[in-house]
Amino acid sequence: MTNRIKNATPHMTRNEDLIFERSKPGKTGAELRPLDVPARSAERTLGDLYRRDIEGFPEISELDVMRHFTRLSTWNYSIDAGVYPLGSCTMKYNPRLNETVARFAGLGTDHPYTPEQLSQGCLKVLADTQRALLEITGMDAISLQPAAGAQGELTGLLMIRACLRERGDARRFILVPDSAHGTNPASVTISGYEALPLKSDSRGCVDLAELERLMSTEVAGLMLTNPNTLGIFEQDIQKICEIVHIKGGLVYMDGANMNALVGVAQPGRFGIDVMHLNLHKTFSTPHGGGGPGSGPVAVKRVLEPYLPAPTVEEQPDGSVRLNYDRPRSVGRVRAFYGNFGMAVRALAYILAYGPEGLRQATEDAVLNANYVKERIRECYDLPYDAPSMHECVFSDKRQESRGVRTGDIAKRLIDYGFHPYTTSFPLIVHGALMIEPTESAGKVELDALIDALRSIAQEAQESPELVQTAPHTTRVSRLDEVGAARKPVLRWKPAAP
Ligand SMILES: *Cc1c(COP(=O)(O)O)cnc(C)c1O
């Protein structure tokens, strides 16, 4: 943005130097008084680990360190700063109550090696979380071990494999719809199966005729996301499961996006055999920035023997124990109890909302997605027109003739103060705009998002260049994304003198 006032320069924080570049020899962040007790030699205590000088270590005052990192923190966008409509990611508010509970003494600080008898409180939290998730999903048994959705997928597929092998029926393929999340075919490959793509029909759903054609005794199962990544509920789910079961296969449901089902529909009644949940999406535990996540995997009786060991089991006397005696288990997939703190947060969320609250959250999330869809459909192309569940997916077809693509619109959205939606996914929509408002956005915020998207659609027609070169209001302008992906520079080095 140009400066209207001559000679005014942007505040120095617009071009913050790196902490290394701000370093001045001799500056220090701490001034400690001389010791009045005998010094214990750091060299002796630390041995080989002791470093007198670390090359290039920044020397900087306490105040400058504070200001540097505080300023940097304001460059970020976060769920606490505003709407985060990143489709398929369920960026809902992370209630502070969860954080408080996760830090309770005993929950936040118990050591994972504490003996079972002394960890009854923590084990009870796990057992309660399991029971709540089983009630929500309508499944029979569950493991909280997997640390992410993708790890839950892998665990579920390994269980399908173990089950079929025991029947002497090792198979080769897993069917994966062409609308699937990228982790699905990846998990299939890692589990030792081959992904067999299943084309969607004109509604954007599973094509039953195509499924019948491909489903054979070489196919171990189907991996299905429901609601699918277009935000459309697969209404033929029971028929789909039947087709797979008749040929001896099993059905995996990717339940990462349970935000449209919780409290309203139990996938356990759809006919599926195994599913995972993303606690860091639907159940409000924080995500983004690399974790920690949690991807519990829930099964029907048929797969129960294969759950990762140990399982957390409630005893008739009310105590909880870890059961390692599971000879048919696929084994451990994660150290200790999985990401325990995520289970605490998810349980706090579930208990704080209660059955009514969870259902209300689901209904609000669905309402919000449909509201956004109805209010921008006159500006953007809607390739699959069906009632939306948790999210809605548009394409950039109407803007493309002006040379404006989904990535440009997303960058322009940053100028309007919003985090972008998900771009270019699912792959079956050319130039996709995938928008998931979640229940966290109130009407005022949603209207602001809608106004921004409508305004950008107009800009794309009237001044496409403005959109193509966005963002214009950020500290850092458009990055070379290809360069960043292909030739990443991950470490700072001093410029050659
Ligand atoms: C987010 C997501 C995943 C993967 O979950 P991670 O925790 O990121 O591994 C899988 N499937 C769908 C549909 C998702 O939205």
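Which residue in E3 is the bridge partner of Phe-173? It is Glu-194. Keep in mind that this is a predicted model.

Let me start with the strand that holds Phe-173. That is E2, residues 173–177. Five of its five residues are buried, so the rest of the structure largely encloses E2. Buried here means under 20% relative accessible area. Look at the two faces. Phe-173, Leu-175 and Pro-177 are buried on one side. Ile-174 and Val-176 are buried on the other.

Now the neighbours. E3 covers residues 194–198, and five bridges join it to E2. The two strands run parallel. Between them comes a helix to note: E2, helix H6 at residues 183–190, and E3 form a right-handed β-α-β unit.

E2 also pairs with E4, residues 219–225. That pairing is parallel too, over three bridges. In E4, Phe-173 has Val-219 as its bridge partner.

A side-chain N or O atom of Ser-88 sits 2.7 Å from a ligand oxygen. For Gly-149, a backbone N or O atom is 2.8 Å from an oxygen of the ligand. Ala-150 has a polar backbone atom 2.8 Å from a ligand oxygen. As for cover, the ligand alone exposes 380 Å², and the protein buries 86% of that.

Terms used: Residues numbered from 1 in each chain as written. Predicted model: local features only at pLDDT ≥ 70, side-chain atom pairs only at ≥ 80, totals over all residues. Heavy atoms only, no water. Buried < 20%, exposed > 50% of the residue type's maximum accessible area, 1.4 Å probe, protein only. Helix = DSSP H or I, 4+ residues; strand = E, 2+ residues; numbered from the N terminus. Pairing = 2+ DSSP bridges. Right-handed = clockwise from strand over helix to strand, strands pointing away. Polar contact = N/O pair within 3.5 Å; in protein donor to acceptor, adjacent residues only side chain to side chain. Areas by Shrake-Rupley, 256 points an atom, 1.4 Å probe, with all protein chains shown as cover.
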